[in-house]
Each structure stands twice: as C-alpha cells, then as structure tokens.
Amino acid sequence: MTVDGIIMLVVFLAVLVAFFLILRSLVKLISVGKPEKRFDNPWERFKSVIVYVGMQARVLTQLAGLGHFIIFWGFIFITLGTFEHIMGMIIPGFSYDTLLGRSIAGAIYLLQDVFGVLVIGAVIVALFRRYVLKPERLKIDDPKAGREATLILGLIFVLIVLMYGIKGTEILIERGGSDGFYTPVSRFASGILAGWSMDLVVANRVFAWIHHLIIFFFLIYIPYSKHIHILGAIPNVFLRNLGQPGSLSRMDFEDENAEKFGISVIEDYTWKQLLDLCACTECGRCQVACPAYLTEKPLSPFRMIHNLRAHLMDERGRLLGGGGDGEKAIIPGTVTEDEIWSCTTCGACMQECPPFIEHVQKIVDLRRYLVLTESRFPSEMHAIFRNMEVNYNPWAIGYASRAEWADGMDVPLASDKKSFDVLYWVGCAGSFDARGQKVTRAMVDLMIKAGVDFAVLGVEEKCCGETARRMGNEYLAQTLIESNIEILEKYKFNRLVTACPHGLNSFRAEYPQFGFEVETLHHSQFLLELVKEGGLECGNGALGKGVYHDSCYLGRYNDIFDEPRELLRKAAGVDLVEFGRRGMSSFCCGAGGGRMWMEETLGRRINEDRVDESLDLGIERIITACPFCMTMFEDGLKSREREDVKVVDLAEAVKEACGD
Amino acid sequence: MTKDVLVFGEIRNGKLKKVIKELISAGRRLTSGEGAIDAVLIGEGAKDAASDIDGYGLRKITVVEDEALKDYSTEGYADCLSDLIRSADPAYVLMGATAMGRDLGSRVVAKIDGVMFSDCVDVNAEDGRCVARRPVYSGKLFIEITPQGEIPSIITIRPNNVPPAESVDGSTEIVTHASGIDRGSIRAIVSEILPLAGGRPDVSEADVIVSGGRALKDASNFKILEELTDLLGGAVGASRAAVDAGYADHALQVGQTGKIVNPKLYIACGISGAIQHLAGMRTSKVIVAINKDSNAPIFEKAHYGIVGDLFEVVPILTEEIKKLM
Amino acid sequence: MKIIVLLKRVPDTEAKILINQNGDGIREEGIKFVINPYDEYAIEEGLLLRDKVGGDSKVTVVCMGAEEATENIRTALAMGADDAVHICDPALKKPGPLTSATVMAKAIKDEGYDIIFCGKQAIDDDMAQVQGIMAEILDIPQVNVAVKFELSDDAQNVILQRRIEGGDEKIEARLPAIISCEKGLNEPRYASLPGIMKAKKKEIRTKSLADLGFDDVPGGGKSRILKWLPLPKGGECRMVEAEEISDAVGELVRLLREEAKVL
C-alpha cells in the first residue's frame, strides 16, 4: 500500500465512522417522535420504492424533473465509480473489471461516463432556472435555502469535472485498466488534458484527492443541509401512507389527566412526521400547487416544512439530551397561526410531493393543539363549534328541523323501514341550506323514480364531524362520529350514498377508525349505476356546454373522476368542457379545512380565483359535485357580478335531463 | 288591599316618559269603574312633569323630589316606592318595561311581598282579575297570567303596545312626598350617564337594524339606510358582500362570519338572503325584506316583503315613519 | 374572593318551542337544553375576576334545576368554574322567580359570598326578576344589564356600566353586590379539552330543599298561567304590493305598526 493509500484508508475510515455517527444521531433524533405504525405491507412498500425512487415517477411528472432523474441516477453510477477509485487507492488492483468481469464493469464505466456529461448539463440547466428563470416554486424567503442549493449544484459541477480529470489523466498514464473503451467522454477529456504541461501523475493525484475530499465533505454536510433528503427520501417513500389519503389520525382521549392535546413542540410529532422533514428536497412543487399560497396567503407548505426542519435541527442539542433552554413552542416562532388557519386541507401539496411528505396532518395537529388545549382559534369558529355541539350542524338551526327539506315529499325514514338497501346520507348542507336542499330533493326524486330501496335518517342524522375534525376539534368530531355510529348501527343497510364528498371521505376514510365500515358511494357513482342498469331512464338530455369542477375530497382524496363525467355525458347530455387545472391537479374552491366557516381576509379569495378560471372558459354552466364547492362558486360569481352563469349539482343536471 | 292602580312614571333627564299614558290606559281597564288610579313620580323635575298627566282622570299624583332621589338609584327609588305602595295598598302597580322599570320592579316586588309580571304586551281585566299577556321563550310563545290570592301585582308593560290614554276633563290633586331616605344608605350610585358612542347602538345589541347588501353599490349610499335607522334608534348592518366590496365596515357585518343579531326589527335592503347571512339574523322578531328580485331567498324567511328598488323604497319608508313620529 | 355565578338550564335558542298536548306548557322532546346564554357572560366575568384577584379566589356555580342540569353545570366547570351547588328537589317544578330567588339566596348565604353574577334574564320565562328579589333578600345592592365591569382598586366596590335606553349609566356599587350581565360584557370562552376533563372531577354539591332548611316550596302559588298561546301563524312572508310603491310602503308601515307592533 502506498502512503497515499494509507492516508486515504485512515481518512475514509474516519469519514465512514463520522457518517455512521451522524446517521445514528439522526435516527436517534427522529426516534424522539411519538410512535406510529408504518411497517405493514412490506411488499407494497417495496414496490413504491421501485416506482417512486427508482423510476422517479412523481419527479418526472414535470419536465424539470428530468434534470433530477439524471442527477439522481448519475450520482448512483458516479458514486460506484468513486467507491472503486477510493478502494483502488487503498487496495491496489481493486477494480470492477477484476471483481465483476468486463461486461458488467464496462457497463458501469459507460454509464458513469455518459451520465457525467448529462449531469453537467442538468446542473447548468438547474442553475439557469434558479437564477434566470426564477420559477415561483423555488421562491422562499430564507436566503440560506438558495445559497445551499447553489453550493450543492456548484460542488456537483466541480465533482464531475474532476471526475473527468481523474479518468482523463488515467487514460493518459494508462493506469487502472481504463483504456477509454467504455469511457468515450473521458477519452475526449484525455485529449484535452494531453495538451497540458503538468505532470500527469501529480495531476491525477490532485484531482483524485480533491474529488474524494469533496465527496467526504458531502457525506458530512448532508444532514446539515437540504441534502438530508438523500437519507430521508427513500425511507420516506418506503414508509408512505398506504391507507386512505383523506384520513387524519385518531386521537385518544382516555387519559383524563392529560394537560395537552395536539402538537405544540417539535417532539410531539411522530417519528414518521419528523422523518418527513428530513425527506424534503425543497423542490417547491407543493408551494405552487397550494391554493393558499397562490392567493397570497401566508401559508406555503414548502416554507412550513423547511422551517420545521430547521427548527428540528436547532433543537437537536436539547432533544438528544443536551439540556438547553427548555421546550420551544412551534407557534409562532416556526409556524404562525395565520399559516395554520389558511390551509384548506385540499391535499394538492401531498399529491405533488415526490418523497410523499404529509403536510396536512402536521397542520391539523397544530390546529388540534390550538383548539383543544388553548381554545385559541379564529373567533368565527366559536359559534360553529357551539352549533355543532348543540344542534349538530354548523349553522344555528334547531336540530329538530333537520328533516324539513322533506316536507311535502314521501321520503322513507330509516326508523320506519329498519332494513333497506341504501342509506342516503343527506348531510348538513343538504338538510339546512336552501340551495343544498334543492339538490337533496332532486336526488331523492331520482331515487324514488328509479325505485331504489332507500331511507334517510331524518332528524336522527347529525353532522358527520368532518369539519370539526379538520378544524382541529377532534373531541367534538369524535363525539359526533360516535353518536352517528350508534344511530347507524340500529339499522341494516348495504350501502351509504351521499352527495357530499366531505361526508363521503368521512365514511370511507375515518369512520372505519371508529369501527364503522360500509360501502360508501358518491351520488354520481350511484346515479351512474342506476343509469347503466336501466333504473333511471334519461332521454337524450342536451344540456349544452358546461364545465365540471373536480372537488378535492371527491377526486384527489377518493379517486372519483370518471364516473361524474360519464354520468354527465351519458345521462345529462352535457357537452363537457374541462378546466386547465383539473383531475388530480384541480384547484380547490377554498371551502375545505373548515375555511367555509371562516373569514377570508388575507390575500385574494380562492373561490374568486377559481371562478375567474371558469369565466375564462366562456361557459354558462358550472357543474359541481359538492355543496361546499357549489356555495363557493355561487358566492364567487356574485362577487364577479356574473350571476348569468349558473351553478348546478350533478344530481340537478341529471334530474333536468331525466325530466318528466 | 284596595282595587286601586298605582302607576309609576319614569323621569329621565327631567322628562316624563310617555309610556305613562299607556300605563294609565291599562290602569283604566283594570280599575274599570271600581278602583282609582294614582300616579307616583320620583326624581328631579317630578313636580313639573306632573302637569303632563294632569287631566287624565287620576285621583292623585304623588311627586317626590328629594335631593337623595333626584337621580335614579335602585335602592332609593325602591324604598320610596315601596313605602308609598304600603300606604296606598293598591292591587296593581304599573310600570313601563324599561331599563328602570325592570330594575325597580324586581326590587320592589320583594319588598312588598307581591308578584311581578314582566314585559307584558297586553293587560286586561277578566272577572275582576287582571290577566296579563307576556311573551316567553324569547317571544316564540305567549302566556296569559293572573295573580293568585290577595297580593299586590307589579306589572311592567312594554312601550308601544297598549294604546295611550286619552285625556279627560278635570284635574288631579298633586301631592308632594318626602321620602326621608338618606343618600348615604344607597349602596349603588349612578355617577354619570354616558350617551352611546357615535350615537348609534352596536349592531349586535340593537333593537332595530337596517341592513344593506351589495345592491347598495357604494359606501355613500349607506346614508339612505342610516337616515332610516337613526329615526328608529337602531343600527346599520351589512351583508358580507357589501363589506367585501368596501361599502361598509366589517364591524357592521351580519352573518355566519360576522355578528349574530337578534333585533325586534330587521330591515334587509338589497340582501338576497343566502344561508350565510340568514344564519346571522334568523331569530329577528320581525324581518322586512326589500329586494328587486322576487325570487330572492330572503322572502322565504321574511315576515313582510316588498319587491322593489331599495333606492325608491327606503326613502319613502323613511318619510312614512317620520310622519308617525 | 368568593364569586358566585347563577346558572339556569334553558332550551336552546334555536329549539322549536311548541305547546304541549295539555296546553299547559311546552313540548320537551326534540329540545336541546343549554346554559342560559346570558349566564355565560356571568360565568366568564366571574372567571376573569377570579383570575384577576388571584389568591384563593373561587368561582362557585349555583344552579337550581332538574337532575339533567348536571350536564350544564359540568360545562360551566369545564369553562373554569371551581365547584358548584346543584339545588335539586322533585318538589321544585317550574319555580317562579320568588321561589328561585329565595331558595338560591339561602344556598348562597350558606356558601358565603363576596359577589354574585347572573344573566340579565333567563330566555325561557324572560322574567328578569330573580336578581332584584335576591338582592332584596340578601340586602345587597344590585346592578342590572351590565356591559362593563371593573373591580375598584381597594376591592371594596365595583364600577360598572349599565345599559339603558340611548346610553349607559356609570354606576359604582359597594360589595357584596349582585350583577346581572348583558351581551357585550365579555366573550365567553370555549371550554378547552383539559378543562372538560378536569370538570369531571370537580365537586358538585347537591342540595335538596330540606338540606337548605325549607319544609316546603317557599314563595309558590302567587300566580297562575291561564293560557299558553302560540304565535299567530305567519309562516308565509306577507308580500306588500300596490300600484304605487308609495302606497305599498304606506301599507307596510301600517302593518309594522299595528300588526307587528314594532314601530
């Protein structure tokens, strides 16, 4: 072994030990979080890693993602090469050629060589985007973030150049078995280097040492920069949420002596939530998908995760047992209340996120703390909570009036029928809101016409609890959920149908947490079924042009995109026009997350943004599948003074087409 | 206990409140020929105020202008009035259901061991007994209630419900009474009267609200509503749409995310009545809706409605009400 | 400081109130019972005062009502009240103001008190008499319809603003006193979850009439309800129409004055 080799061995070992220690301390740090079960279904999880890490599936949904794909794979091959080189310095003769045979080794060398150029290209494009194009998604008000990114890009650039320097000089001194056959670019580099006057052996050593030291620097630097995502992202994908995207965690209220509920300090989060923070690549895609951010509200999911991670790192000392000044509250130092309350829980951020970070649960956890422990929330919500407690609906309307929408109709009641096929869940809007009642009546008319064996709960129905849950009032939500389950269990029915996606999501994703599971359908799915089975005969309804808005809780959270469209085309004869932002990328109406009940004073109005988008399409009709969306659109059209544009629910469109 | 009626006249700022004429009217129904109606006026200006009710067929007007009682105090007035009640021994004591009446009545009823019917909207005699009608459950129902046994009844009557008495010939004896009450014994003293800031009550506490929607089209147009509401002593409200458009301040916003109000009279001008707004004012006793659109949802919840342009209707409404005053 | 807050269990403001079968009361099914809304201002003011004065100050809720009232008392305890006295006796059926005031005054005297807060009226009977009668029984000053409250520096007096027509009276009263609270006095807090949990363990002292030294119901039988009347059926909106708008408006004004009696 040469002197070089001995020094390299020592340094390499030292770096490996340091890296191992860093890794261990990161694991310890994350373990400070509360427990969470995420190790179920390992095969499914493994497949996720193949698709989302190996194939970079989410990253590639945007063109700029190609750059990351290149850098990611490039780095894997290049690191293989680096490893070979370092080992080669320590153990002379170490090479993939001898270990793996020419063909495999050759493949590795070729990939390394070609990817090097691609990576340089990707880095240049990245720097160009960051400093010339300045895309919205990279905007963050922490200058450190930008400097970090530039440093990393710069170092990658330098590393690749040095790599070609090493390979090029090796070809010239015919060392290491690199005859340039599998490394065309390095051969090209050697041509350039041939013209240099410096000692090739020395140059080779210098290039190699600088290169390796930079790599070692990277290894130690990772946890202190956003490059921690290299360590965090892959496990995060493996441990992603395989359950319903629309479910929030269930809190336990057994401990009567508990003084605190929800999250107030960083270590209250679960270990998985802390791991999330280490998975963030700072790509900013969540930011430009967020309706709050896009309407100039203080919230940016990007910034929130970034700040939480910075805060976690700041608290390392204390959390790993180093004493310190004591707990530091997350609010308002790291995340402000305005940010927390601006969220509509639309889930667009989570949909976009390549390493599957779960932003919404973190925000709701903070809301839970504010509401349950400190009773600190926007004042409008006090009345809303009170109304749900006393009258089981967010408006202050007596609960005994819940079934008045059915006056004059012959609607079967669950308490009469006891056993039936379909339970139609009317929901609060459908029961109390004059506009929502029209939808309920339309739907009930259609079901009666089709001879469906259904019933409604009438005054026994209580608010499903979804709003309370998203607003952070988990206690109230659970009270409502448990109350409803008690009532529902009195009856025998096969399916639950509802016109409200929030109710739908509740029953699909959240009621099972409390032991109640039933096949739940959105009314669009049910109506389509009726039409297809011939139960509903809709003549050639020709309702003209209309645009269909994908509700967040119907589409993004519950994957229901096609049935409403099919229903509209088939049964209602609508000439469907589409929003630019549609399907999974649909733009939220602004009402979710309890925001329907709160004043919107910051930034622009989300619903007005979406209404403007619809007006640009030049249609006369907007078709919604959700009572919240309907209200938001109607309000927005009123502010834009375009009440000539009509908003209809799917059921109303179908009813019109199936008119007597 | 006699069959007489004692009427208490409220004096504020030296002026006798006109509800006394309604009390006299009620008193006439209760005595219907058998008993006499006396009046008691306490406070600074009582002697002069007595002339307002001279000529209404009262038997006697007792005025108390002691220094200790020149301004209202619960204990002072209650002590004095109770003394007078004990000596006169009427069957009924009538007061206006005003802030003073409600406060005073509940203290006096304990002193004289009687019964009190608060906030009545009508009083009649049936078979020689008084039957008072009063709202309960925030006015969702009414009850008719009568005293039992030979006990004096204090009845407070809501202003503007019983028609005021007409004057009759003849004049009434005015007697001065010295209460003998020592101001030092009064434990709750009014130090000053603060008029309402800005002259208008807060929308969440107002008894009358005139509210405007987006149809107002401009902040300056709210003046039309202000004129009307000031006549009625009420507050101005606004729908969220109007506040968003900058026509009114957020403090006036009525609705789900604004203020919840419960006035006796709510006049909604150019407000469509979407549920977000209704949630804030549904419990108003009387809702009047003025809207160009006959299909506006507000007409489903209003008690009275006019389909018309608020810019036409409201000024005429203001004029008509001015004529009443 | 020993702070007493009176609490009454009443139907929720949104409940549909209908006359029962016999015509002698209201139908109770389908009604949610809550803390009298004005009492919430009383509770809040009591809590604010306790926290301001500190020391061993306590807020005790006094409620006279059916057994079910325990639920409402727990809500008050969840808001932060320290303990409660629940006067419950089968003999107490729909007590009038004199009965309520007499019985509660005895319980309060037994407890000892420095100040009493209550709501300006209960939204079921809307009598607004208990505070005046109780003040007389206890021989203390009363201030009703308070919209502003302050304790004097020497803690011997209270300075309040009381709402009257067209303005406020500024009143200074000597303690002990009874204060009835009006909307706008404060913003009642939302009970936090730890508060709700703690409330389950706070003490509620139940007292029967006998416990308070009464042989039978005091102050009863002074009045009789002859009839319960529903509101006149006015479900539909009365659209006022005429050839000329001025005529329609004139008619509207007449209706408001004579029929609705709001002018």
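**Entry 1: the sheet in chain A**

I started with an open sheet of four strands in chain A, where the pairing is parallel and the order reads E6-E5-E7-E8. I noted for myself that this is a predicted model, so everything below is a reading of computed coordinates.

I then looked for the edges. E6 and strand E8 (646–649) of chain A are the edge strands, and each of them pairs on one side only. From one strand to the next, the twist averages 40°.

Next I went through the pairings. Four bridges hold E5(A) and E6(A) together in the parallel sense. Two positions I picked out on screen: A:Gly544 is opposite A:Val574 in E6(A), and A:Gly546 is opposite A:Leu576 in E6(A). On the other pairing, E5(A) and E7(A) run parallel and are joined by two bridges. There I found A:Tyr548 opposite A:Ile623 in E7(A).

**Entry 2: helices around that sheet**

What do E5(A), H26(A) and E6(A) make together? I traced the path and have it down as a right-handed β-α-β unit.

I wanted to know which residues of helix H26 (residues 562–570) of chain A are buried. They are A:Glu563, A:Pro564, A:Arg565, A:Leu567 and A:Leu568.

A reminder to myself on helices: with 3.6 residues a turn, residues three or four places apart point the same way.

Then I asked what covers the buried residues of H26(A). The cover includes three strands of chain A, namely E5 (544–548), E6 (574–577) and E7 (621–624). Helix H25 (523–532) and helix H29 (650–657) of chain A are also included.

**Entry 3: domains of chain A**

I zoomed out to the domain assignment. Chain A is given domain 1 (3–31 + 62–224), domain 2 (266–373) and domain 3 (384–657). Between domain 2 of chain A and domain 3 of chain A, the C-alpha centres are 30 Å apart. Domain 2 of chain A puts 21 residues into the contact, and domain 3 of chain A puts in 23 residues.

Which elements give two or more residues to the side of domain 2 of chain A that touches domain 3 of chain A? I listed helix H15 (337–342), helix H16 (348–352) and helix H17 (359–373) of chain A. H17(A) gives the most, at six residues. By type, that side of domain 2 of chain A has ten nonpolar, six polar and five charged residues.

**Entry 4: chain B against chain A**

I moved on to the partner chains. In the contact between chain B and chain A, nine residues of chain B meet eleven residues of chain A. Helix H6 (240–244) and helix H7 (275–281) of chain B each supply at least two residues on the side of chain B that touches chain A. I sorted that side into five nonpolar, two polar and two charged residues.

**Entry 5: chain B against chain C**

How many residues of chain B are in contact with chain C? I have 67 residues of chain B touching 67 residues of chain C. The side of chain B that touches chain C holds 34 nonpolar, 16 polar and 17 charged residues.

I also found strand pairing across the two chains. Strand E18 (residues 304–307) of chain B and strand E13 (residues 238–239) of chain C run parallel and are joined by two bridges. To place this pairing by residue, I noted that B:Tyr304 has C:Arg238 in E13(C) as its bridge partner.

**Entry 6: chain C on its own**

I finished with chain C. Six helices and 13 strands are present in this chain. Its C-alpha atoms fill a box of roughly 70 × 45 × 40 Å along the principal axes. Of the 263 residues in chain C, 48% are buried. I also checked contacts with a separation of 6 or more in chain C: residues 24 or more positions apart account for 68% of them.

The domain assignment divides chain C into domain 1 (2–207) and domain 2 (231–263). The C-alpha centres of domain 1 of chain C and domain 2 of chain C are separated by 39 Å.

Methods: Residues are numbered from 1 along each chain as its sequence is written. Chains are lettered from A and ligands numbered from 1 in the order in which they are written. This is a predicted model: local features need pLDDT of at least 70, side-chain atom pairs count only at pLDDT 80 or more; totals for chains, interfaces and linings use all residues. Two residues are in contact if their C-beta atoms, placed from the backbone, lie within 7 Å. Ala, Val, Leu, Ile, Met, Phe, Trp, Tyr, Cys and Pro count as nonpolar, Asp, Glu, Lys and Arg as charged, and the others, Gly among them, as polar. Two strands pair if DSSP finds at least two bridges between them. Domain bounds come from an automatic or database domain assignment. A residue is buried if 20 or more other C-beta atoms lie within 10 Å of its own, exposed if 12 or fewer, and partly exposed in between; C-beta atoms are placed from the backbone. Axes are lines fitted to C-alpha atoms, for helices over the stretch in contact, and angles run from 0 to 180 degrees between N-to-C directions. A crossover is right-handed if, with the strands pointing away from the viewer, the path from the first strand over the helix to the second runs clockwise.
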